[in-house]
Amino acid sequence: MKKLENMEYDALLSSFKKLLKQNGLKFTTQREVILKTLYSNNDHFTPDTLYFLIKEKYPELNVGIATVYRTLNILESEDIATSISFGSQGKKFELGNKPHHDHIICKKCNTIIEFEDKAIEKRQEQIAKEKGFKLTGHLMQLYGICSKCQKEEKGE
Ligand SMILES: [Zn+2]
Ligand SMILES: [Zn+2]
């Protein structure tokens, strides 16, 4: 994992420009809007929801769905964006520069809630140490059924 935490937008933008160049792609307003939208919305997006949000906000830009998919994959290749996979239902993306957090995910509606727990973080460090590892990162995803979906199941 690269040191992206709390990176400011300008720094993020210059990494993005470099990345596009490496991939033989031009820096365009359309591509920047994808980065900017991820940056300014503290949320997890499927490529489709991101696409509709951009279309609504910047109708004049004509951003294509293929551009959104491709740009997200490029951003993810350098950890500028990270994703949570929902198997055949696709992925949800967020920016990789957010402060560290873990996720609890609803298996029914794919809602993602972020959390951070000091005790869990600390315990992970201890386990790594016990195994002779220097911890460089971790990925924790808890799965379950959110309270809203539980109510719906009960027909409330
Ligand atoms: Zn749910
Ligand atoms: Zn998150």
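## The open sheet

In what order do the three strands of the open sheet lie, and with what pairing? In this predicted model, the order is β4-β3-β5, and the pairing is mixed. The edge strands, each of which pairs on one side only, are β4 (112-115) and β5 (141-144). Ignoring direction, neighbouring strands of this sheet are turned against each other by 25° on average.

Strand β3, which spans residues 102-106, runs antiparallel to β4 and is joined to β4 by four bridges.

## The zinc site

The zinc ion (ligand 1) is coordinated through the SG atoms of C106, C109, C146 and C149, at 2.2 to 2.4 Å. The angles subtended by the four donor atoms range from 103 to 114°, and the arrangement is therefore tetrahedral, since four donors count as such if all angles lie between 85 and 135 degrees.

Along the sequence, the donor residues of the zinc ion (ligand 1) follow the spacing C-x2-C-x36-C-x2-C. With regard to accessibility, C109 counts as partly exposed at a relative value of 33%, while C146, with a relative accessible area of 19%, is buried, because the cut-off for buried is under 20%.

## Aromatic pairing

How many aromatic pairs does a search of the whole structure find? The search finds three. F16 and F27 form an aromatic pair with an edge-to-face geometry, in which the centres are 6.5 Å apart and the angle between the planes is 80°. Because F16 lies in helix α1 (residues 9-22) and F27 in the loop between α1 and α2 (29-40), this pair ties together parts that are eleven residues apart in sequence.

## Charges over rings

The ring of F27 also has the charged end of K17 sitting over it, at 4.8 Å from the ring centre. Elsewhere, K107 lies over the face of Y143, with a distance of 5.0 Å from the ring centre.

Note on methods
Residues are numbered from 1 along each chain as its sequence is written. Chains are lettered from A and ligands numbered from 1 in the order in which they are written. This is a predicted model: local features need pLDDT of at least 70, side-chain atom pairs count only at pLDDT 80 or more; totals for chains, interfaces and linings use all residues. Side-chain values use heavy atoms; hydrogens and water are left out. Rings of Phe, Tyr and Trp (its six-membered ring) pair if their centres lie within 6.5 Å; planes under 30 degrees apart count as stacked, over 60 as edge-to-face and the rest as tilted. Helices (H or I, at least four residues) and strands (E, at least two) are DSSP runs, numbered from the N terminus. A charge sits over a ring if NZ of Lys or CZ of Arg is within 6 Å of the ring centre and within 35 degrees of the ring normal. Two strands pair if DSSP finds at least two bridges between them. Axes are lines fitted to C-alpha atoms, for helices over the stretch in contact, and angles run from 0 to 180 degrees between N-to-C directions. Donors are N, O and S atoms within 2.8 Å of the metal (3.2 Å for Na, K and Ca); water is not among the atoms, so sites may look incomplete. Four donors count as tetrahedral if all angles lie between 85 and 135 degrees; four count as square planar and six as octahedral if opposite donors are over 155 degrees apart and all others between 65 and 115; anything else is irregular. Buried means under 20% relative accessible area, exposed over 50%, partly exposed in between (1.4 Å probe, protein chains only).
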